[in-house]
Amino acid sequence: MTDTILEIEDLNVYYGKSHALKGVSLSINEGEIYGVIGPNGAGKTTMLNAIAGFVDYEGTIRYDGTDLTGVSPQQRVRDGLIYCTEDRDLFPYFSVHENLLMGAQFRNDRDSVRQDLDMIYELFPRLDERREQEAETMSGGEQQMLAVGRALMSDPDVLMLDEPTLGLAPVIIQDISEALERLSDQGLTILLAEQNSTFALRHAERLSLIETGEIELAGTYEEFHDNEYVREAYVGVH
Ligand code: ATP
């Protein structure tokens with residue numbers, strides 16, 4: 001028996017006259033990695049922005065059984081729905097350590113914050129080595145690790161990652177990959193939006209393919225892996 005933690009029903013987003021998301025529905029089970037793949041401009045970021053409360057939408061988003069209509073982005077974060085954006089949104093002149101602490105700004109339990117800091121430094125030793133370095137002077141891959149680390153400092157129940165591998169070297173993608181596996185083993189629910197289908201297929205148990213704002217295909221990893229259209233159009237290009 002699996003429990004749904006995040007449920008999206010008939011989600012529509014408009015930017016002026018442009019209909020960016022067209023009736024998207026999907027549900028994510030507690031503890032799974034759910035992949036959303038699709039080309040540039042398909043609507044993946046728009047979907048995550050709607051879940052985070054950053055854009056207006058029509059339809060229903062339920063998190064842990066509660067309809068999020070009218071719930072502020074800040075409250076969604078407090079409730080454990082954490083979004084690591086494609087832009088990373090780091091504080092460029094803050095150190096690695098300060099950026100991580102910013103992720104914990106809504107938390108009161110200092111002991112568990114300290115434990116999470118230790119866990120993140122262990123998960124990403126490169127961050128540990130660079131605790132005092134300013135975020136803006138880090139490499140792209142290190143900044144991505146910092147962005148994920150900061151999101152983890154917010155104590156997520158659901159972690160939404162937008163294109164975590166974008167522009168990164170294979171060796172860094174491997175580090176991110178191992179971190180995702182460990183987090184998943186710890187029971188974290190992860191919603192992974194990726195143009196890099198190979199990476200998404202490596203991790204996700206179930207996936208949706210979005211094209212021009214609509215879900216074209218949804219299914220298990222096996223169904224995606226064996227699907228001829230997915231293989232031809234999306235796999236092996238990265
Ligand atoms: P990418 O992988 O390039 O980030 P994506 O799948 O995340 O693509 P979105 O960024 O969600 O796609 O974009 C979906 C569509 O909505 C695109 O046509 C995009 O140009 C449009 N769009 C996104 N944000 C805005 C905005 N603020 N105003 C107007 N149109 C927007």
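Glutamate 142 touches Arg126, Leu127 and Arg130, leaving aside residues up to four places away in sequence. This residue has its place in helix 6. Its relative accessibility is 6%, and glutamate 142 therefore counts as buried, since buried means under 20% relative accessible area. The model described here is a predicted one.

**The chain as a whole**

The chain is made up of 10 helices and 10 strands. Along the principal axes, its C-alpha atoms fill a box of roughly 45 × 40 × 40 Å. For 238 residues, a compact globule would have a radius of gyration near 18 Å, and the 17 Å found for the chain agrees with that expectation. Of the 238 residues, 49% count as buried. Among contacts in the chain with a separation of 6 or more, 68% are accounted for by residues 24 or more positions apart.

**Helix 6 and helix 7**

Two packed helices are described by the angle between their axes and the distance between the axes. Helix 6 spans residues 140–153 and helix 7 spans residues 170–185; their axes come within 10 Å and cross at roughly 15 degrees. Angles under 35 degrees count as roughly parallel, and helix 6 and helix 7 are therefore roughly parallel to each other. The crossing in which helix 6 passes helix 7 is right-handed. On the side of helix 6, the contact is made by Gly141, Gln144, Met145 and Leu152, and on the side of helix 7 by Ile172, Asp175, Ile176 and Leu183. By class, the residues of this contact comprise five nonpolar, two polar and one charged.

**Tyrosine 93**

Tyrosine 93 is found in a loop, the one between strand 6 (81–84) and helix 3 (96–103). Its relative accessible area is 60%, and tyrosine 93 is therefore exposed, the cut-off for exposed being over 50%. Leaving aside residues up to four places away in sequence, tyrosine 93 touches Glu134 and Glu136. Between tyrosine 93 and glycine 167 there are 74 residues in sequence and 22 Å in space, taken from C-alpha to C-alpha.

**Accessibility of the two residues**

The table sets out the values for the two residues described above.

| Residue | Relative accessibility | Class |
|---|---|---|
| Glutamate 142 | 6% | buried |
| Tyrosine 93 | 60% | exposed |

Key
Residues are numbered from 1 along each chain as its sequence is written. This is a predicted model: local features need pLDDT of at least 70, side-chain atom pairs count only at pLDDT 80 or more; totals for chains, interfaces and linings use all residues. Side-chain values use heavy atoms; hydrogens and water are left out. Axes are lines fitted to C-alpha atoms, for helices over the stretch in contact, and angles run from 0 to 180 degrees between N-to-C directions. Helices (H or I, at least four residues) and strands (E, at least two) are DSSP runs, numbered from the N terminus. Angles under 35 degrees count as roughly parallel, over 145 as roughly antiparallel, 65 to 115 as roughly perpendicular and the rest as oblique. A crossing is left-handed if the near helix is turned anticlockwise from the far one by less than a right angle, and right-handed if clockwise. Contact means heavy atoms within 4.5 Å. Ala, Val, Leu, Ile, Met, Phe, Trp, Tyr, Cys and Pro count as nonpolar, Asp, Glu, Lys and Arg as charged, and the others, Gly among them, as polar. Buried means under 20% relative accessible area, exposed over 50%, partly exposed in between (1.4 Å probe, protein chains only). The radius of gyration is taken over C-alpha atoms; the globule rule is 2.2 Å times the number of residues to the power 0.38.
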